[in-house]
Amino acid sequence: MSVTKTGTGLKRLQHLVLWVANVERSVRFYCDVVGFEVQRRYPTAAFLKIPGTPDDHNLGLFEQTGVPRPDERVARMYHSAWEVDDLTDLARARRRLIDAGALVGSSNHGVSLSLYAKDPDGLEFEIFWTVPGGVSARTTELDLAGELAQRGLTFS
């Protein structure tokens with residue numbers, strides 16, 4: 001049996017590279033708040049990875065002095081998305097994002113539960129958990145406490 005591939009055969013996003021105004025500030029944010037670890041560090045660049053992954057890096061940060069904050073009125077990338085393994089990981093991420101003043105929204109997409117946040121440069125990203133057996137439905141506000149309770153999970 002032969003399999004016909006369409007498109008380019010993409011499998012996954014291995015890494016994302018961002019221009020940031022201050023690489024040190026961004027390294028602190030992505031490590032302390034989001035949970036990345038530094039793989040390699042240079043004076044105006046850093047390569048970060050998700051702990052435990054075999055990838056060389058998952059996020060590259062390059063300093064560009066004077067880079068302006070994103071303008072919501074012009075075409076640009078909307079956000080990147082990072083998946084967590086467990087619903088309790090999503091709850092932990094929510095707490096860290098709130099503590100950092102970075103959380104800007106949350107959604108229940110039926111197939112995933114998502115948190116939206118902005119980094120120190122105003123770049124938006126998503127942290128999500130895939131709902132096992134979830135069905136795509138209309139997007140609603142995320143009730144994370146209710147989702148945890150529904151699955152018999154607690155998080156403090």
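This is a predicted model: local features need pLDDT of at least 70, side-chain atom pairs count only at pLDDT 80 or more; totals for chains, interfaces and linings use all residues.

**Salt bridges and core**

Started with Arg28, which I put down as partly exposed because its relative accessibility is 44% (buried is under 20% relative accessible area, exposed over 50%, partly exposed in between, with a 1.4 Å probe and protein chains only). Residues are numbered from 1 along each chain as its sequence is written, and side-chain values use heavy atoms, with hydrogens and water left out.

What does Arg28 pair with? I found its side chain in a salt bridge with Glu24, at 4.0 Å from N to O. My cut-off for a salt bridge was a side-chain nitrogen of Lys or Arg within 4 Å of a carboxyl oxygen of Asp or Glu. Both sit in helix 1 (residues 23-34), four residues apart, so about one helical turn separates them. (Helices are DSSP runs of H or I, at least four residues; strands are runs of E, at least two; both are numbered from the N terminus.) Glu24 is partly exposed too, at 36%. I then saw that Arg41 joins Glu24 and Arg28 in a network of salt bridges.

Next I checked helix 2 (residues 87-99), where Arg92 and Asp89 are three residues apart, again about one helical turn. Their side chains meet in a salt bridge at 2.9 Å, N to O. Arg92 comes out partly exposed at 38%, and Asp89 is partly exposed at 22%.

Then Arg73: its closest N atom lies 3.0 Å from an O atom of Asp71, another salt bridge. Arg73 is exposed at 73%, whereas Asp71 is partly exposed at 27%. I wrote down nine salt bridges as the count.

The largest one has 32 residues, and Tyr30, Leu48, Leu59, Leu61, Leu90, Leu97 and Phe125 touch the most other members. Elements that each supply at least two residues include strand 1 (16-20), strand 4 (59-63) and helix 3 (144-150). Helix 1 gives the most, six residues.

Which residues does Tyr30 contact, leaving aside neighbours within four places in sequence? I listed Leu18, Gly35, Phe36, Leu48, Leu59, Leu61, Asp119 and Phe125, with contact meaning heavy atoms within 4.5 Å.

Technical notes:
A nonpolar core is a set of buried Ala, Val, Leu, Ile, Met, Phe, Trp, Tyr and Cys residues joined through side-chain atoms within 4.5 Å.
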